Amino acid sequence: MKNLKYFILSILGLAVLSCSDDISEIEPAGNPVMEIENQFSDVHFGDVLPFTVSVNDEISLSTLTAILYFGEEEVERTTIRTKENGEYSGTIEIPFEKDIPDGTATLEFVLLNTTMNSSIETFDVPITRAQYPYLILVSENASYPMLPTGEENEYAATEAFPSTDLSAYIKTPVVDDKGTEIVFGWEAGEITNGVSKDIPFVNPVGGTYSVTFNTKTYKAGPFFEILLNGEKMNMLDKENYQLDIDLTQGQDVNIQGLGNIADWWIDADYLTTQEDGLYTFVPITGKYRVTANLALNYFRIEALDGNSPAVLNADGTGAVWVIGENVGKPSLADKTVGWSPDNALCMAPIGDKKYQLTVVGGTNISTDGINFKFFHQKGWGGEFGGDAISTTSDIVFIGDGTNGRDSGNLGLVDGVTLEDGATYVFTVDLSAGNDQAVLTVTKK
């Protein structure tokens, strides 16, 4: 038995030695050589650049790789298998992006053989932004030529467009055999290339007007502009404009650009009207997201933490959100919250760990029944169940799962209906802790 053990160990030792021999490094060998015709002139952003390379070696080749650098940054590469000596052709894409200046890129070719021996050749490639004879503005019903304006990289279509609203994308012609069609459309509230979703152009008046676009800066117009305290709100789409802004309790809030501002519904939790377009900010000082909805004539205001909707912090600061039925702003008819977290209403943080929701009977809240609750975030997760919130209100009760409402959901006390047109203020006080919230409901 002992001899057998030593025999097995000796066999394993030979196997280890054999494996060690197999994985020894391969010595580089051969002499990979390539010849490349320099075809790299008159190159534009967005081109698909062709190349032809003759390769040979005395041993088997592996790959030919073309790598494009903008400065030190690699921006594109393509690899071709080179099984035998001969001529190989390929292409490499030249990126088209916003704000990149004309300049000289580096195109590097790396030829590799099967022993990992390689040769490298590099070329300087001057790249410019094409000066197109025209662009094409494409709407649902028609296409319009956009001609150079004389300003660098700027083009314009001047027409008697059928409406003040013009939803359209823009595309370039193909200028040569290396060129491609570049498309510009709307994504995430701005113009970008590579998408064809319509850009929501809007002109203040109808009739003949100009649509402009710059192929370098992507600056375009006309767009409807709303200014909040002098800052331009960002267009999300033709109906929604948004701005994240620091606001101070008691400061003036000035809105410019809305000709029908007198018709807008103003949320009393956040803004007190001084005159049309001029308001006083009600909640505590902080960062807020203001969204102007042109379809609903409504400023939706939400507390932020950084660039995200605020959440309720362990110390009772932050935000409290309302999700549920029978409540909505600017009105139940226009925007009932329902059980959709995206529609959640941010209660106004009024200080001392108190949060406020003001509603009008029959307008923002149903008069004959309610069923909503308070959450720690704009979404599912932390919430105020029946054991975390209490009230002595004679208007609403808090559900416990057995009294006609789920735990934490609000209902109207038996025999109570809300008065149509009356204002009700819901206040959640967290000064005693997030698990000892106190709800008061006051009729004004």
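A: Let us begin with a definition: a residue is called exposed when its relative accessible area is over 50%, and buried when that area is under 20%. Please keep in mind throughout that this is a predicted model.

Q: Is Asp42 buried or exposed by that definition?

A: Asp42 has a relative accessible area of 51%, so Asp42 counts as exposed, the cut-off being over 50%.

Q: Which loop holds Asp352, and is Asp352 buried or exposed?

A: Asp352 belongs to the loop between strand S31 (348–351) and strand S32 (354–360), and with a relative accessible area of 66% Asp352 is exposed. Asp352, which is not a glycine, likewise has a positive phi of about 55 degrees.

Q: Turning to peptide bonds, what is the omega of the bond that joins Gly221 and Pro222, and is that bond cis or trans?

A: The omega between Gly221 and Pro222 is about 5 degrees, and the bond is cis. Pro222 lies in the loop that runs between strand S17 (220–221) and strand S18 (227–228).

Q: Where is Pro330 found, and what kind of peptide bond joins Lys329 and Pro330?

A: Pro330 is in the loop between strand S28 (321–328) and helix H2 (332–335), and the bond joining Lys329 and Pro330 is a cis peptide bond with an omega of about 5 degrees.

Terms used
Residues are numbered from 1 along each chain as its sequence is written. This is a predicted model: local features need pLDDT of at least 70, side-chain atom pairs count only at pLDDT 80 or more; totals for chains, interfaces and linings use all residues. Side-chain values use heavy atoms; hydrogens and water are left out. Helices (H or I, at least four residues) and strands (E, at least two) are DSSP runs, numbered from the N terminus. Buried means under 20% relative accessible area, exposed over 50%, partly exposed in between (1.4 Å probe, protein chains only).
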